[in-house]
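Biologist: I'm new to this one and would like a close look at a single part. Could you walk me through it once the picture is up?

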Amino acid sequence: MTTEVHPHVELLACTPDAGTIVASAAKLCYSDADINDLVNKMSGSDTDRFLDKLTAMGHLSPIEHATFTFGVEGVSRAFLAQITRHRIASFSVKSQRYVNAENFNYVTPPAIAALGEEARARYAAQMEQMSRWYAEWNEALGNKGESSNEDARFVLPNAAETKLIVTMNARELMHFFTLRCCNRAQWEIREVAWQMFALAFRKAPYLFRCCGPSCLRGACSEGRMCCGRSAEVRARYEELTKE
Ligand SMILES: Cc1cc2nc3c(=O)[nH]c(=O)nc-3n(C[C@H](O)[C@H](O)[C@H](O)COP(=O)(O)OP(=O)(O)OC[C@H]3O[C@@H](n4cnc5c(N)ncnc54)[C@H](O)[C@@H]3O)c2cc1C
């Protein structure tokens, strides 16, 4: 029996005291002090000042010293194809060769769910049918685990769930939030990006307060493709970042 799932993100780990590390790395570039002195003397206000200065100067490499690792579940293979385009990230993804996918979990696009119960049931029945096709091919190939899973999986849909652990440094995360929290991004990666943003912001607001789609900071960068819903984007940002 296949089961419907929804995107869910957890922050599994991040650089402890990321602000101090990033600000120390920045200060080191312009100081002849010993590294330990420099790190130990760094105060909260120094951190804020350095982070603002780095952003204003476009000197962003010190931000790469802070990394964040997320667990992502309830997402589709369609999502996987998109997030793995981000090359400055590290991924570990559930295998469709080593893990049998009969009775797979699946993601339903909200637009299909919004068509009503009949559409949702039809979609669920199609997932069941694909699960049966998968089992049929696995059996025809001898139910040999890895070697039959790897070919039976060709009849699985883009909707099939995958799970992954992804690590990005803060600079790449900022870039990711600019592209993927934007309404131009596809709904599933956008949903995951906002969940990642909320988790990262809670941990290190001084690093992430100035990121997200370009319309949060000024004019939309999408030109004639602009969604015209910057007020909605701003409201979501305010909601996720309020104390
Ligand atoms: C709304 C939207 C629609 C999209 N539609 C399509 C589509 O139709 N087809 C499609 O194929 N893709 C599509 N993409 C994916 C897009 O083309 C990028 O592959 C993806 O967003 C990753 O972005 P990136 O390359 O900037 O980021 P990353 O890979 O995360 O890289 C971060 C930055 O590092 C630098 N960098 C990384 N690697 C290199 C390199 N080899 N050379 C030079 N600089 C590098 C660049 O400055 C880059 O911006 C879409 C993305 C979005 C947001």
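This is a predicted model: local features need pLDDT of at least 70, side-chain atom pairs count only at pLDDT 80 or more; totals for chains, interfaces and linings use all residues.

Which residues of α3 are buried?

Modeller: The buried residues of α3 are Thr-47, Phe-50 and Leu-51. Look down the axis of α3 and those buried residues sit within an arc of 100 degrees, so they line one face of the helix. On the other side of α3 you'll find Ser-45, Ala-56 and Met-57, which are exposed. What does the buried face pack against? The partners of the buried residues of α3 are α1, residues 18-28, and α10, residues 205-208.

As for the helix itself, α3 covers residues 44-57, which makes 14 residues. From first C-alpha to last, α3 reaches 20 Å, close to the 20 Å expected at 1.5 Å a residue.

Now step off the end of the helix. α3 is followed by Gly-58, and the phi of Gly-58 is positive, near 75 degrees. Further on, in the loop between α3 and β3 (67-76), you come to His-65.

Leaving out residues up to four places away in sequence, His-65 touches Thr-15, Ile-21, Val-22 and Ala-25. Take Ile-21: it is 44 residues from His-65 in sequence, yet the two are 7.0 Å apart in space, C-alpha to C-alpha.

The domain assignment of the chain gives domain 1, made of 9-91 plus 162-241, and domain 2, made of 97-159. Taken over C-alpha atoms, the centres of domain 1 and domain 2 are 34 Å apart. Where the domains meet, seven residues of domain 1 are in contact with four residues of domain 2. On the domain 1 side of that contact, β3, α4 (77-83) and α9 (187-203) each supply at least two residues. β3 gives the largest share of that side, with three residues. By type, the residues on the domain 1 side are three nonpolar, two polar and two charged.

Conventions: Residues are numbered from 1 along each chain as its sequence is written. Helices (H or I, at least four residues) and strands (E, at least two) are DSSP runs, numbered from the N terminus. The expected span of a helix is 1.5 Å times one less than its number of residues. A residue is buried if 20 or more other C-beta atoms lie within 10 Å of its own, exposed if 12 or fewer, and partly exposed in between; C-beta atoms are placed from the backbone. The arc is that of the directions from the helix axis to the C-beta atoms. Two residues are in contact if their C-beta atoms, placed from the backbone, lie within 7 Å. Domain bounds come from an automatic or database domain assignment. Ala, Val, Leu, Ile, Met, Phe, Trp, Tyr, Cys and Pro count as nonpolar, Asp, Glu, Lys and Arg as charged, and the others, Gly among them, as polar.
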